[in-house]
Amino acid sequence: MEEYARALADFVRDHSAWAAPIVLLLAFGESLAFISLLIPAWGALVAIGALIGASGISFWPVWIGGGIGAALGDWLSYWFGFTYKEHVARMWPLSRYPEIVPRGEAFVKKWGIPGIFIGRFFGPLRASVPLVAGIFEMPYWSFQVANFLSALVWSAVLLLFGDIISQIVEWLWRRV
């Protein structure tokens, strides 16, 4: 995982014009049900955030790309759950963990719209909450408003976290 994040960060450093599209694709994969298990991209997003201050990459297009990618991943997960409902529970990996859907239903019913925000910031919930929201027919527009707002906040947090870490490391390096 670390090598993957480093290679992507190196590519973005050398080809900064690709920063926003790459972040959009990473955030999309990180937020898409099932695929997020195969593409843990948050480390690469933080690493790219570290490049923002260090290499002069503009924050705004990268942030918007990350927000849009994450929101589209959640939108597709919601649609998939809404369209395929009970069939989703029989697909891998949910078929191996049958307790996930009932637990997800309880979470979505308990937390509602704030649950979309909460789920965005916790890895295991990130891609499953939108899927379950679709399965149990959370109102579409309520979901989408929470989806897009939380995606923009999530993208900013990851990128700024990387930028802050980079600045701290740079400050410490100058002190040595």
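**Exercise 1. Which backbone oxygen lies 3.1 Å from a polar atom of the side chain of Ser 150, and is Ser 150 buried or exposed?**

Solution. The side chain of Ser 150 has a polar atom 3.1 Å from the backbone oxygen of Asn 147, to be read against the definition of a polar contact as a pair of N or O atoms within 3.5 Å, where within protein one must be able to donate a hydrogen and the other to accept it, and residues adjacent in sequence count only if both atoms are side-chain atoms. This is a predicted model, in which local features need pLDDT of at least 70 and side-chain atom pairs count only at pLDDT 80 or more, while totals for chains, interfaces and linings use all residues. Residues are numbered from 1 along each chain as its sequence is written, and side-chain values use heavy atoms, with hydrogens and water left out. Ser 150 counts as buried because its relative accessibility is 0% (buried means under 20% relative accessible area, exposed over 50%, and partly exposed in between, with a 1.4 Å probe and protein chains only). Finally, leaving aside residues up to four places away in sequence, Ser 150 touches Ile 116, Phe 117 and Arg 120, where contact means heavy atoms within 4.5 Å.

**Exercise 2. Which backbone nitrogen does the side chain of Ser 77 reach, and where is Ser 77 found?**

Solution. Start with the helix: Ser 77 is found in α5, which covers residues 59-88. With a relative accessible area of 1%, Ser 77 is buried. The side chain of Ser 77 reaches the backbone nitrogen of Ala 33 at 2.8 Å, and Ala 33 is also among the residues that Ser 77 touches, a list including Leu 32, Ala 127 and Pro 130, when residues up to four places away in sequence are not counted.

**Exercise 3. How are the rings of Tyr 140 and Trp 141 arranged?**

Solution. The structure holds nine aromatic pairs (rings of Phe, Tyr and Trp, the last by its six-membered ring, pair if their centres lie within 6.5 Å, and planes under 30 degrees apart count as stacked, over 60 as edge-to-face and the rest as tilted). The ring centres of Tyr 140 and Trp 141 are 5.0 Å apart and their planes stand at 85°, so this pair is edge-to-face. Tyr 140 is partly exposed at 36% relative accessible area, whereas Trp 141 is exposed at 65%.

Notes. Helix = DSSP H or I, 4+ residues; strand = E, 2+ residues; numbered from the N terminus.
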